[in-house]
Amino acid sequence: MTVDDVWTALAGIPDPEIPVLSLVDLGVIKNVEVEEMSVRVDFTPTFLGCPALETMQLAIRTKIEELGATADVRVVLDDSWSTDRITPAGREKLRLAGFAPPAPRPAEKLELVQLRRGSRCPYCGSADTRLENLFGPTPCRSIRYCESCRQPFEQFKTI
């Protein structure tokens, strides 16, 4: 078993909250190490109080055990996750599922004005959108409305 085999297997684990994304697409898998039939996976949840933490740990452990290896799954909290870790493929999957992917994170501190900045509609591509509600179904999403195609959609906040 190789590191690539493990990454490929982990790419098959859907995110518990947004199943169109895998944990690899989401960028929460930080590192994979393989030593004979033992696999260590380091991952960083999207935020400290993530209710899906145990679900993700179990899914990772189960997937590695399906490969015939023992799993050491470690939650790494010394480096916070950001939306910059979502892969290009993950951003496209979000768009195709009706989510506006997050904008790249600026180097400086985020201000509320930046969070209110418009996002292109994932349905028609229009930039003529407005913020409906800063607080969406999860802390990392907000609700926007497209003035062109009249569709509401979720926007990932830049974190």
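Reply: Let's start with one definition: a residue is buried when its relative accessible area is under 20%, exposed when that area is over 50%, and partly exposed in between. Keep in mind as well that the structure above is a predicted model.

Me: How partly exposed or exposed is Glu132, then?

Reply: Glu132 has a relative accessible area of 41%, so it counts as partly exposed. Arg130 falls in that class too, at 34%.

Me: Which residue forms a salt bridge with Glu132?

Reply: The general idea is that side chains of opposite charge can pair when their charged atoms come close. Here, Arg130 is the partner of Glu132, with 2.7 Å between the closest N and O atoms. Arg130 also forms a salt bridge with Glu147, where the closest N and O atoms are 2.3 Å apart. Glu147 sits in the loop between S6 and S7 while Arg130 belongs to strand S5, so this pair ties together parts that are 17 residues apart in sequence. Glu147 is partly exposed, at 26%.

Me: In what order do the 4 strands of the open sheet stand?

Reply: In general, strands of a sheet pair through backbone hydrogen bonds, either parallel or antiparallel. In this model the order is S4-S7-S6-S5, with mixed pairing. S4 (99-100) and S5 (129-133) are at the edges with a single partner strand each, so one side of each has no neighbour in the sheet. S6 (residues 141-146) and S7 (residues 152-156) run antiparallel and are joined by 5 bridges. For an example you can look up, Ile143 has Glu154 in S7 as its bridge partner.

Me: What is the phi of Arg150, which is not a glycine?

Reply: Most residues other than glycine have a negative phi. Arg150 has a positive phi of about 65°. Arg150 lies in the loop between S6 and S7, and it is exposed, with a relative accessible area of 52%. Glu36 has a positive phi as well, of about 55°. You will find Glu36 in the loop between strand S1 (29-35) and strand S2 (38-43), exposed at 70%.

Definitions and conventions. Residues numbered from 1 in each chain as written. Predicted model: local features only at pLDDT ≥ 70, side-chain atom pairs only at ≥ 80, totals over all residues. Heavy atoms only, no water. Pairing = 2+ DSSP bridges. Helix = DSSP H or I, 4+ residues; strand = E, 2+ residues; numbered from the N terminus. Buried < 20%, exposed > 50% of the residue type's maximum accessible area, 1.4 Å probe, protein only. Salt bridge = Lys/Arg side-chain N within 4 Å of Asp/Glu carboxyl O.
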